[in-house]
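Hi there,

Here is the structure I promised to pass on.

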Amino acid sequence: MHEFQVVHFIPSLSTGGAESMLFKLLNADQENSPKAVVTMFPGGRFERQVTGLGVQVVSLDVKRLSSLLHRIRALNKILSQSNVTVLCGWMYYGAILAIFLKTLGILTRAPTRVVVCNVRHSLSDLPKEKRRIRLAVRLIKLLRPLITHFIFTSHISKREHCVLWGTSLPASVI
């Protein structure tokens, strides 16, 4: 039986600030609770480094929709045999994926699930963002009641998101 207590959801482990911070967090926290990382896309610069820490990486490979259902079932099998207590969605898409899987009942074995949304983006002008980012931001606003806590990388980012998602966000700035 796997004993994942924290599962991180992130679009990929390619080169980027969020991927780098996730690796640093996993590297610094090796002796604490076991972890797993779920990505939407396979590979990436940090995948080998993360697996080298002994962290299991599961890719849903969403580009291949034909195998997505199979991969979600495989993920369910892995995680249903574990004691996951924290789902940490990195960036908008990782947060949406964590909430989506939890809502579908994929990750329901543990009695309490904490969903953390790690926002690593500033929104100075939402209309200038790419369409998919605008959609993701609006979707998270709808899903907000399912998110236990938000983490922002700056007070500016927190303020910008509070304007969109509500001023009473349970949030931290790191």
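N32 sits in the loop that links α1 (17–28) to β2; helices (H or I, at least four residues) and strands (E, at least two) are DSSP runs, numbered from the N terminus. With a relative accessible area of 55%, N32 is exposed. The cut-offs here are under 20% relative accessible area for buried, over 50% for exposed, and partly exposed in between (1.4 Å probe, protein chains only). From N32 to Q5 the C-alpha distance is 9.7 Å, although 27 residues separate them in sequence.

Before going further, some ground rules. This is a predicted model, in which local features need pLDDT of at least 70 and side-chain atom pairs count only at pLDDT 80 or more, while totals for chains, interfaces and linings use all residues. Residues are numbered from 1 along each chain as its sequence is written, and side-chain values use heavy atoms, with hydrogens and water left out.

How many of the 5 residues of β2 (residues 35–39) are buried? The count is 5 of 5, so the strand is largely enclosed by the rest of the structure. In a regular strand the side chains alternate between the two faces of the sheet. In β2 both faces are covered, with K35, V37 and T39 buried on one side and A36 and V38 buried on the other.

As for its neighbours, β2 runs parallel to strand β1 (residues 6–10), and 5 bridges join them. Pairing is assigned if DSSP finds at least two bridges between two strands. Strand β3 (residues 56–59) also pairs with β2 in the parallel sense, over 4 bridges. T39 in β2 stands opposite I10 and has S59 in β3 as a bridge partner. V38, for its part, stands opposite V58 in β3. To get from β2 to β3 the chain passes through helix α2 (residues 47–52), and this β-α-β crossover is right-handed (with the strands pointing away from the viewer, the path from the first strand over the helix to the second runs clockwise).

Stepping back to the whole chain: the protein has 6 helices and 7 strands, and from the N terminus on its elements run β-α-β-α-β-α-β-α-β-α-β-α-β. Its radius of gyration is 16 Å, which agrees with the value near 16 Å for a compact globule of 174 residues (taken over C-alpha atoms; the globule rule is 2.2 Å times the number of residues to the power 0.38). Along the principal axes, the C-alpha atoms fill a box of roughly 45 × 30 × 30 Å. Of the 174 residues, 45% count as buried. The accessible surface comes to about 9200 Å², and 56% of that belongs to carbon and sulfur atoms (Shrake-Rupley method with a 1.4 Å probe; for residues, only the protein chains shown count as cover). Among contacts (heavy atoms within 4.5 Å) with a separation of 6 or more, 65% are between residues 24 or more positions apart.

Helix α6 is worth a look too. S157 lies in α6 (residues 155–165) and is buried at 0% relative accessibility. Leaving out residues up to four places away in sequence, S157 touches V119, H121, S122 and F152. Also buried in α6 are E160, H161, C162 and W165. An α-helix has 3.6 residues a turn, so residues three or four places apart point the same way. Just after α6, G166 takes a positive phi of about 120°.

Last, the charged side chains. A search of the whole structure finds 1 salt bridge (a side-chain nitrogen of Lys or Arg within 4 Å of a carboxyl oxygen of Asp or Glu). K128 forms a salt bridge with D125, with 3.7 Å between the closest N and O atoms. K128 is exposed, at a relative accessible area of 70%, whereas D125 is partly exposed at 29%. K130 is found in the loop between β5 and α5 and is exposed at 55% relative accessibility.

Best wishes
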